[in-house]
Amino acid sequence: MKIAFDFDDVLVDFVGCLLSAMNEFTGRQYIEEDIDFSEGWAIGPWCSRELGLEKDEPLAWLEWLRSRIRFWEEAKTMPGALEALSRLAASGHELELLTN
């Protein structure tokens, strides 16, 4: 069976790692409750505003994030995610990674 998994906050603690990077950059202490989820997971405008990036560039926050090399090195897996993937792969399932 083919099984697909989302990357962000299913396999990897994306929000926690994002907040850690933002805290280091801004000197603030953001927590998850600070994020404006009013448009679902479209958190780009909030991130750009908080980071002081150009508002006219909708992907500016993502470019900022990509420039943080340690971001991906420090990303932590969600509890049990690796074990679950290993069990499914060992059982013969085809695994795919999804993200938006």
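**Figure 1. Surroundings of Met22.** Met22 touches Gly27, Tyr30, Trp46, Cys47, Glu50, Leu51 and Trp64, leaving aside residues up to four places away in sequence; contact means heavy atoms within 4.5 Å. The model is predicted, so local features need pLDDT of at least 70 and side-chain atom pairs count only at pLDDT 80 or more, while totals for chains, interfaces and linings use all residues. Residues are numbered from 1 along each chain as its sequence is written, and side-chain values use heavy atoms, with hydrogens and water left out.

**Figure 2. The nonpolar cores.** A nonpolar core is a set of buried Ala, Val, Leu, Ile, Met, Phe, Trp, Tyr and Cys residues joined through side-chain atoms within 4.5 Å. Buried stands for under 20% relative accessible area, exposed for over 50%, and partly exposed for values in between (1.4 Å probe, protein chains only). In the largest core there are 17 residues, and Leu18 and Met22 have the most contacts inside it. Helix H1 (14-26), helix H2 (44-51) and H3 each supply at least two residues of this core, with H1 giving the most, seven residues. Helices (H or I, at least four residues) and strands (E, at least two) are DSSP runs, numbered from the N terminus. A second, separate core has seven residues, among them Phe5, Val12, Ala81 and Leu85. In soluble globular proteins, nonpolar side chains tend to be buried together.

**Figure 3. Helix H2 and its cover.** Gly44, Trp46, Cys47, Ser48 and Leu51 are buried in H2. The cover over the buried residues of H2 includes H1 and H3. After H2 comes Gly52, which has a positive phi near 75°.

**Figure 4. Aromatic pairs.** The structure holds two aromatic pairs. Rings of Phe, Tyr and Trp (its six-membered ring) pair if their centres lie within 6.5 Å; planes under 30 degrees apart count as stacked, over 60 as edge-to-face and the rest as tilted. Phe25 and Trp64 are edge-to-face, at 5.3 Å centre to centre and 70° between the planes. Because Phe25 lies in helix H1 and Trp64 in helix H3, this pair ties together parts that are 39 residues apart in sequence. Phe25 is partly exposed at 41% relative accessibility, whereas Trp64 is buried at 6%. The rings of Tyr30 and Trp46 have centres 5.4 Å apart and planes at 75°, so this pair is edge-to-face. Tyr30 is in the loop between H1 and H2 and Trp46 is in helix H2, so the pair joins parts 16 residues apart in sequence. Both Tyr30 and Trp46 are buried.

**Figure 5. Cysteines Cys17 and Cys47.** A disulfide is a pair of cysteine sulfur atoms within 2.5 Å, and the count by this rule is zero. Cys17 is in no disulfide; its nearest cysteine sulfur belongs to Cys47, 12 Å away. For Cys47 the closest cysteine sulfur is likewise that of Cys17, at 12 Å, too far for a bond. Cys17 is buried at 9% relative accessibility, and Cys47 is buried with a relative accessible area of 0%.

Figure 6. Glu94 forms one with Lys2, the closest N and O atoms being 3.9 Å apart. This pair links distant parts of the chain, 92 residues apart: Glu94 is in strand E2 (residues 94-98) and Lys2 in strand E1 (residues 2-6). Lys2 also meets Glu96 in a salt bridge, at 3.2 Å from N to O. Lys2 lies in strand E1 and Glu96 in strand E2, so the pair ties together parts that are 94 residues apart in sequence. Lys2 is exposed, with a relative accessible area of 53%, while Glu94 is partly exposed at 45% and Glu96 is partly exposed at 31%.

Figure 7. Arg66 and Glu63 form a salt bridge with closest N and O atoms 3.0 Å apart. Both residues lie in helix H3 (residues 60-66), three residues apart, about one turn of the helix. Arg66 is exposed, with a relative accessible area of 52%, and Glu63 is partly exposed at 47%.

**Figure 8. Thr99 after strand E2.** Thr99 is found in the segment after E2 and is exposed, with a relative accessible area of 52%. Thr99 touches Asp6, Phe7 and Asp8, not counting residues up to four places away in sequence. Thr99 and Thr77 are 22 residues apart in sequence, and their C-alpha atoms are 15 Å apart in space.

Note on methods
Salt bridge = Lys/Arg side-chain N within 4 Å of Asp/Glu carboxyl O.
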